[in-house]
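Look at the sequence and the model below before reading on. The paragraphs after it go through the chain part by part.

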Amino acid sequence: MSFWDKIRAALNGFMQGRHGADELSMALLIGGLVLSIIGSLTRFPLLSLLSLALYIYAMFRMFSRNHEKRYAENQKYIALTHGSLRQFFVRLKNFRKYKYFKCPECHARLRLPRKVGEVTVTCGKCHHAFKQKA
Ligand SMILES: [Zn+2]
């Protein structure tokens with residue numbers, strides 16, 4: 001067994017039964033890195049402290065043996081980022097191009113290109129037709 005094989009075996013033994021890296025831990029590490037960079041650029045000590053807290057939390061999650069809890073946290077994080085947070089950034093990005101509004105009947109989120117004037121919109125979800133300015 002070579003030196004590196006021994007290291008690898010020891011590492012595998014150490015990580016046995018632990019949660020390991022998942023999306024939330026990676027996001028925490030990236031977030032910590034970004035905060036520490038901003039912290040060192042702005043010399044704002046609280047940011048470096050906050051980035052350290054994120055690192056420690058990410059480490060704690062990776063080395064945790066409580067799979068169920070860590071898995072649930074990660075699922076929550078994925079639902080949040082792939083759902084509302086993602087939608088929010090998409091809307092923010094397209095804010096100049098589209099007017100966003102909700103269907104008065106079923107509250108489905110709809111959009112119209114800006115400056116089309118008043119048009120009759122038919123909701124794609126419930127087929128309710130209504131006038132909307134954009
Ligand atoms: Zn509708």
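What follows is a walk through this predicted model, from its division into domains to some details of its backbone.

Start with the overall division. The protein chain falls into two parts, domain 1 (20–93) and domain 2 (96–134). Between the C-alpha centres of domain 1 and domain 2 there is a distance of 35 Å.

Next, turn to the nonpolar core. Which residues make up the largest nonpolar core? Its 5 residues are Leu24, Leu28, Leu35, Leu54 and Ala58. Two elements each give two or more residues to this core: helix 2 (23–42) and helix 3 (45–62). Helix 2 provides the largest share, with 3 residues. Leaving aside residues up to four places away in sequence, Leu24 touches Arg61, Glu73, Asn74 and Tyr77.

The loop between helix 2 and helix 3 holds Arg43. Its backbone deserves a second look. Most residues other than glycine have a negative phi. Arg43 is not a glycine, yet its phi is positive, at about 55°. Is Arg43 buried or exposed? Arg43 counts as exposed because it has 8 C-beta neighbours inside 10 Å, and a residue with 12 or fewer is classed that way.

Now move along the chain to the strands. Lys115 sits in the loop that links strand 2 (109–113) and strand 3 (118–122). Lys115 is also a residue other than glycine with a positive phi, here near 70°. With 8 other C-beta atoms within 10 Å, Lys115 is therefore exposed.

How do strand 3 and strand 4 run, and how many bridges join them? The two strands run antiparallel, and 5 bridges join them. Within this part of the model, Thr120 stands opposite Lys131 in strand 4. Strand 3 and strand 4 form a hairpin with 6 residues between the strands. In that hairpin, His127 takes a positive phi near 65°.

The last point concerns the cover over strand 4. How many residues of strand 4 (residues 129–133) are buried? Among its 5 residues the count is 0, so strand 4 is hardly covered, given that a buried residue needs 20 or more other C-beta atoms within 10 Å.

Strand 4, by contrast, has a count of 0 buried residues.

Definitions and conventions
Residues are numbered from 1 along each chain as its sequence is written. This is a predicted model: local features need pLDDT of at least 70, side-chain atom pairs count only at pLDDT 80 or more; totals for chains, interfaces and linings use all residues. A nonpolar core is a set of buried Ala, Val, Leu, Ile, Met, Phe, Trp, Tyr and Cys residues joined through C-beta atoms within 7 Å. Helices (H or I, at least four residues) and strands (E, at least two) are DSSP runs, numbered from the N terminus. Two residues are in contact if their C-beta atoms, placed from the backbone, lie within 7 Å. Domain bounds come from an automatic or database domain assignment. Two strands pair if DSSP finds at least two bridges between them.
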